[in-house]
Structure formats: structure tokens, C-alpha cells
Amino acid sequence: MRAASLRARASASTCAARPAPRTSTSRRRSFRAPRAQAERSDEKQEGSSPTSVPEGENCDYGFTAGTTGLYTDRDGPSTPRNVVKLAVANFQKELRALREWQDSREELEQTQDSGFSEEPSAVDDLAGSLEDEELCINFQDELKKLTIDADAVYARELDRHKDGDYMKKKSWVIKVPYLVLCWLLDRVYSKERPIQRFWFLETVARMPYFSYISMLHLYETLGWWRRGAAVKKVHFAEEWNEFHHLLIMESLGGDDQWIDRFAGYHSAVLYYWVLNLLWLASPVLAYQFSELLETHAVDTYGQFVDENEDLLKTLPAPAIARQYYQNEDLYMFDEFQTSRAGKGRRRPEINTLYDTFSNIRDDELEHVKTMVACQNTHVAARSPHQ
């Protein structure tokens, strides 16, 4: 009787357990909830949408962050091993991932050529869950339905550029690489891969603030400039914010494929050194370039939220998003929002992916305002805490 009840519920739900398809890195796993918890969730949601969001529960979308761990983990050290051991271990891991990625592409091509397609059996899925004494809740298939229209993003940018001659005020030194970068992103990441695109953007988006802190520290060490010392805190808070955007994308599978990690990591390192050179030439231009990229992020996330609003509202927020936005200590969250000095503080309510991405969009807008403030060579940029 118990098995029959669970079998009926599993067949009725689009989020029922199913074996994860083979991936290029074996970094994917299924989120499993205790059977009793799943039954309580079913009782609450009886007669509702099969993808209704369980209230007050954290969600694991079934993607892991590899073996590097998270700072939120209670187990394990916070100090890494020496660079040789880390580099060798990472190289071996990524080499295996590269081979698996190549094998998976070959298998996909062979499958497409033959016209054969094997779908997992719902009965087998349920049997595996029963053997584990758990019911697997999986939203990965729903994430695949998310899209991003690059043409619509470009239309948003054109509307903004027409307002007050926005782009005419920017130097060609930064406009040319900015336009090339946007063009490449639209062609490398298709409409059906928005999460991977966001993961790449967030990997690169951390680098400016790391660069600014490095250069301000260098200037202080050389005795050239120390009036910007307090801005280092603002930049670190900005990097901390972008880091959590990155963790959110990883929790949604943004770095699941080897090719995305390869592109993101190498682009980020290159970007860091380019920004250092740009800062040496002109800190204002360095801040202006970040303003352009953050504004592009506002347009991109804005289009994504509007384009996928209905679906995003049915999917639960990742656990890391709740931990960051609803933490008891939001000092770091407030620190980078220089435009809110003397105003009320943002206190996001995070329940769904719609809430999550809406707040990421709003974060990017705050980064834009902070970058504009940093370009002012007459008035110091200050955090709301000063």
C-alpha cells in the first residue's frame, strides 16, 4: 500500500526522481529528501502545481561544487595545501573531466545519428528511491526550460544608450573591448544556456574588485595614495556579493560542463591583469569599464527575469541564496551599496528563483551606482556605514 501510494505520486509529479544523465564531469547528483518530508510536502501540495515551492525549505538542485567545498561547510580546514599539490590535483580532475566531456559528445553524436533514445523507467526510478528509503526531488529538468533572448537584451541596451547619450560619454578605449565581449557572449552561449552564461559572467565579474583592492594596496605600500583606503572595504563587499552570485549559479549547474569552467577560469585571470594595466593608465577608465559591464548585467538579468517570470516563481531558491540574503549579519551586503547612504537598507525576502534573480539584478544596479561614485575625482565614495 505504501509503495503504491508513492508510485502514484511519483508518476504524477514532473519533479519525481530520475537518474541523472551522464555529464562531462560527474559533478551532478540528485537532491534527496527524507521520505517522511516528501510525504508532508505532497500533502501540502495536493491539487496544486507539481512544481510548487515548499515553503520555508532550502533546496539542493542536485549539483555539487566538486571537491573544493564551500565556506559554509562546518567540516574541513580553511587553509589550503601548497600550490603544487593543489595544481596537480586540479589538473588531474579537469583532465578526467575533459576526457569525459569528449566521450559524452561522441556518444551524443552517435545517438543522434542512429536516432536511438533511451528514457529512464519511472518504475525503476521509484524502486531505486525506495531501496534508498528516500524520495528524490529533482528540479533539473525545469531549469532546462529557462531561456535568455540575446536580441531582447541588446534592445534594452540600445534604449539605455539613447537616453542621455550614455555611450557617447564613454571612451573608445573601453567601448571597443566591451562591445567585442558582448558580441562573443551572445554567440558562445545560446538562448537555452542562461545559467551557464551567468556563471561565466559572475566568474569574471569578481575580478575588477580584486584588481582595485590590489592596486589600492600597491599604491598605499609605495606611499603614493592612501585616501582610498576605506574604499577597499567597499570593493571587498562587492567581490563578496559577486562571489555569492557565483555560488548561486554553481548550485544551479552553471559550471557543470568542463568547457564552461575552462573558459571562465582563463578569462577571469586574463581579465584581472588587463584591469591592473588599465588602472595604471587611468583608475577612472577602469571604473568606467566595470560600470559598462555591470550595466550590461542589469539588462541581462532584467530580461531573464521578465522572460521566465512564471517558471521562476515555481522553483525554490537555492540554499546558498537564502543563507546570503537572509543572514542575521548583513553588514557586508549593505557595505557596497554606496547609493543607499542615509536611506533605508534592502532586506530581501528569498523564497523562489524569481526572488533570487530579481535581487541579483538589483545588486548589479547597486554595483553600477558604486562604480559611478568611484569615478568622481572630487568627492570620496563612501559606504552606508561611514
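Reader: What is the accessible surface of the protein, and what share of it belongs to carbon and sulfur atoms?
Author: This is a predicted model. The accessible surface of the protein comes to about 20,700 Å². Carbon and sulfur atoms hold 55% of that.

Reader: Why is W172 called exposed?
Author: The relative accessible area of W172 is 58%. Exposed means over 50%. W172 therefore counts as exposed.

Reader: Where is W172 found?
Author: In helix 7, which covers residues 172–188.

Reader: What share of the residues counts as buried?
Author: Of 386 residues, 46%. Buried means under 20% relative accessible area.

Reader: How do you know how empty space is found inside a structure?
Author: A probe the size of a water molecule is rolled over the atoms, and this shows where empty space is left. Here, a search of the whole structure finds one cavity of 30 Å³ or more.

Reader: What makes the largest cavity count in that search?
Author: Its volume is about 200 Å³. The search takes cavities of 30 Å³ or more.

Reader: Which residues lie nearest its centre, and which element gives the largest share of the lining?
Author: L201, V204, A205, L293 and E294 lie nearest the centre, out of 16 lining residues. Helix 8 (194–205) and helix 12 (283–307) each give two or more residues to the lining. Helix 12 gives the largest share, six residues.

Methods. Residues numbered from 1 in each chain as written. Predicted model: local features only at pLDDT ≥ 70, side-chain atom pairs only at ≥ 80, totals over all residues. Heavy atoms only, no water. Helix = DSSP H or I, 4+ residues; strand = E, 2+ residues; numbered from the N terminus. Buried < 20%, exposed > 50% of the residue type's maximum accessible area, 1.4 Å probe, protein only. Areas by Shrake-Rupley, 256 points an atom, 1.4 Å probe, with all protein chains shown as cover. 1 Å grid on protein atoms, 1.4 Å probe; cavity = no way out; pocket = protein on both sides within 12 Å on 5 of 7 lines; lining within 4 Å. Points joined across faces, edges and corners; volume = space filled by probe spheres on them.
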